[in-house]
Amino acid sequence: METGNLTVIKEFVLLGLSGLAEQQQFLSVLLLCMYLITISGNMLIILVVGFACHLHLPMYFFLSNLAFVDICFTSTTIPQMIVNILTDTQTISFVGCLSQLFFFISFVNMDSLLLCVMAYDRYVAICRPLHYTAIMNLHFCVQLVAGLWIVTYLHALLHALLMSHLYFCASNIHHFFCDLNPLLELSCSDISLNVMVIFTVGGLLALTPFICILISYGLIFSTILRITSTQGKQRAFSTCCCHLSVVVLFYGTACAVYFSPSSSFIPESNTLLAIMYTVVTPMLNPFIYSLRNSDMKRALQKMLCKSVHFQQ
């Protein structure tokens with residue numbers, strides 16, 4: 001194919017939701033409701049943590065950062081999906097596609113790394129309580145989060161730059177947003193370097209936090225089993241199991257999408273898995289990490305009471 005035929009792609013067509021034409025209105029309402037719940041729940045976490053002085057602890061510092069990332073993570077894809085459904089348009093510009101890819105990769109990696117950091121925070125608090133304040137001090141936490149942001153942005157920039165140098169001979173993306181595998185399927189260029197980066201750098205950033213989470217919670221469970229109080233054991237196990245459920249859902253779907261070879265890529269299953277970790281998981285995080293936390297509940301009630309009193 002001639003070079004002139006390879007450079008005509010100025011925009012892509014997102015076909016991930018085209019098979020649900022009869023449910024477009026219901027789907028748009030459902031996505032909008034889930035998006036509003038995600039934004040409201042995670043914004044509430046940030047406000048409560050900032051409002052309550054007794055929540056100015058490392059665990060809640062990481063939790064507020066996770067809430068912010070979940071807002072950005074969801075906002076990268078869901079508003080575009082809703083606009084496309086309501087306006088009956090499925091196109092996205094080449095620059096817009098690369099921008100969406102960059103921010104999506106950044107936030108999805110930041111989400112997984114923060115889950116890992118939160119697991120490590122719980123490990124130190126439960127397994128090494130006497131050293132907790134010395135290890136998890138504010139200076140260390142701020143530096144840690146800042147370092148994670150730098151790593152995720154550099155990783156996303158690498159993928160975006162590699163993708164920008166590819167030639168595309170088709171414009172139909174069988175997905176509801178610009179993701180790595182669907183875009184590589186459209187390329188007429190050699191994608192061996194892109195695939196290598198996905199399986200090496202991407203694999204390192206995806207699997208390393210997951211392994212660290214498993215190790216942290218394995219040590220936590222061994223410590224909890226030595227707790228004499230039955231009620232204390234049940235409460236601790238319940239909290240850990242909820243966290244691990246989200247971790248398994250998040251990493252399971254992400255690994256299924258990103259670590260499957262392009263030859264076995266199935267658009268329908270990829271779309272379903274992507275919806276799970278782009279929509280459902282961020283929406284559930286406020287309920288799992290905050291609404292079942294007694295300290296967060298008390299802080300929220302106190303903030304609401306002060307708000308009502310101020311209005312009166």
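## Strand pairing

Strands β1 and β2 pair in the antiparallel sense over three bridges; strands here are DSSP runs of E with at least two residues, helices are runs of H or I with at least four residues, and both are numbered from the N terminus. Two strands count as paired if DSSP finds at least two bridges between them. The bridge partner of L14 in β3 is I173.

## Basis of the model

The model is predicted: local features need pLDDT of at least 70, side-chain atom pairs count only at pLDDT 80 or more, and totals for chains, interfaces and linings use all residues. Residues are numbered from 1 along each chain as its sequence is written, and side-chain values use heavy atoms, with hydrogens and water left out.

## Overall composition

The protein has twelve helices and three strands. Of its 312 residues, 46% count as buried; buried means under 20% relative accessible area, exposed means over 50%, and partly exposed lies in between, for a 1.4 Å probe and protein chains only. Among contacts with a separation of 6 or more, 79% are between residues 24 or more positions apart, where contact means heavy atoms within 4.5 Å.

## Nonpolar cores

The largest nonpolar core has 59 residues, and those with the most contacts inside it are I213 and M296. A nonpolar core is a set of buried Ala, Val, Leu, Ile, Met, Phe, Trp, Tyr and Cys residues joined through side-chain atoms within 4.5 Å. Helix α5 (residues 94–127) supplies the largest share of this core, 13 residues. Another core, of 22 residues, lies apart from it and includes I92, C97, L101 and L183.

## Helix α4 and the residue after it

In helix α4 (residues 78–87), the buried residues are I78, M81, I82, N84 and I85. They are on the same side of α4 because they cover an arc of only 165 degrees around the axis, the arc being that of the directions from the helix axis to the C-beta atoms. Just after α4, D88 takes a positive phi of about 55 degrees.

A search of the whole structure finds one salt bridge, defined as a side-chain nitrogen of Lys or Arg within 4 Å of a carboxyl oxygen of Asp or Glu. The side chains of R122 and D121 meet in a salt bridge, with an N to O distance of 2.8 Å. R122 is partly exposed, at a relative accessible area of 24%, whereas D121 is buried, at 0%.

S216 lies in helix α9 (residues 192–224) and is buried, with a relative accessible area of 9%. Leaving aside neighbours within four places in sequence, S216 is in contact with A119, Y120 and Y123.

## Aromatic pairs

The structure holds 15 aromatic pairs. Rings of Phe, Tyr and Trp (its six-membered ring) pair if their centres lie within 6.5 Å; planes under 30 degrees apart count as stacked, over 60 as edge-to-face and the rest as tilted. F94 and F168 form an edge-to-face pair, at 6.1 Å centre to centre and 65 degrees between the planes. This pair links distant parts of the chain, 74 residues apart: F94 is in helix α5, and F168 is in the loop between α7 (138–164) and β3 (172–173). F168 counts as buried, at 3% relative accessibility.

Ring pairs also link F68, F102, F103, F107, W149 and Y153 into a cluster.

## I288 in helix α11

I288 is placed in helix α11 (residues 267–291) and counts as partly exposed, at 22% relative accessibility. I288 and H243 are 45 residues apart in sequence, and their C-alpha to C-alpha distance is 7.1 Å.
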